[in-house]
Amino acid sequence: MIIAEQKSLDEIREMIAPYKKLLVLGCGTCVTVCFAGGEKEVEVLASALRLADRIDGGEKVLEEKTIKRQCDPEYLEEIREKVKEVDAVLSLACGVGVGSIADEFPSVKVLPGLNTLMFGRNVEAGVWAERCGGCGNCVLHLTGGICPIARCSKSMLNGPCGGSQYGKCEVSPNIDCAWQLIIDHLDTLGEIDNLEKIQPPKDWRTAYGSGPRTVIREDLKKL
């Protein structure tokens, strides 16, 4: 899922300063799961902003709403009338959600209340770890399900590098060497021979090298 974290209250207050009436808009999927932008976070943030504004003698009006997904047009219909009534939307969604609101409602200022961090998973309570680089050319069948693009600090497709020591990355002793993890897992699977399949240099055109990407499914467009 997409992992994000909320911006500091001071940064958010600076962003919303020019606007009197705002909609604090949460998203009910990824950022709810990682406790950054769900209904509870919307309520807490809106309350903190109201209190800070009151202390400063301001007169801001903050509306609250959380929809299922900000990245799908079908869920934006329920806020269409509400958006017309505000000066700005403070979106507690990932960058995709912020962009979706801006596309759908071009006459209203949209402000990001979160910093989008990564594609990751929950590894324990309160801890999320990056697991996918979204590069558009998956090699996990060769690497035991461990992504070398996201989990190797150098995004190496053939490893490990010379800086790996005792299963740890040279960047930090707190980072496991992704290629050591790959080797160990392939050995467990009896697929250590996969390491002999040398991968060519990464073609970044499937990732970010060709500009913003679009996926088109003609079979779905006909529905």
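Contact here means heavy atoms within 4.5 Å. The model is predicted: local features need pLDDT of at least 70, side-chain atom pairs count only at pLDDT 80 or more, and totals for chains, interfaces and linings use all residues. Residues are numbered from 1 along each chain as its sequence is written, and side-chain values use heavy atoms, with hydrogens and water left out.

**Exercise 1.** Find out whether L76 is buried or exposed, and which residues it touches.

Solution. Start with the location: L76 sits in helix 4 (residues 73-76), where helices are DSSP runs of H or I with at least four residues, numbered from the N terminus. Next, the relative accessible area of L76 is 1%, so it is buried (under 20% relative accessible area, 1.4 Å probe, protein chains only). Finally, leaving aside residues up to four places away in sequence, L76 touches I67, R69, Q70, S100, I101, E104 and F105.

**Exercise 2.** Work out how helix 1 and helix 3 are arranged.

Solution. The axes (lines fitted to C-alpha atoms over the stretch in contact, with angles from 0 to 180 degrees between N-to-C directions) of helix 1 (residues 9-16) and helix 3 (residues 39-55) come within 11 Å and cross at roughly 70°. The two helices are therefore roughly perpendicular (65 to 115 degrees). Now look at the residues: helix 1 contributes L9, I12, R13 and I16, and helix 3 contributes L45, A48, L49, A52 and D53.

Methods
Angles under 35 degrees count as roughly parallel, over 145 as roughly antiparallel, 65 to 115 as roughly perpendicular and the rest as oblique. Buried means under 20% relative accessible area, exposed over 50%, partly exposed in between (1.4 Å probe, protein chains only).
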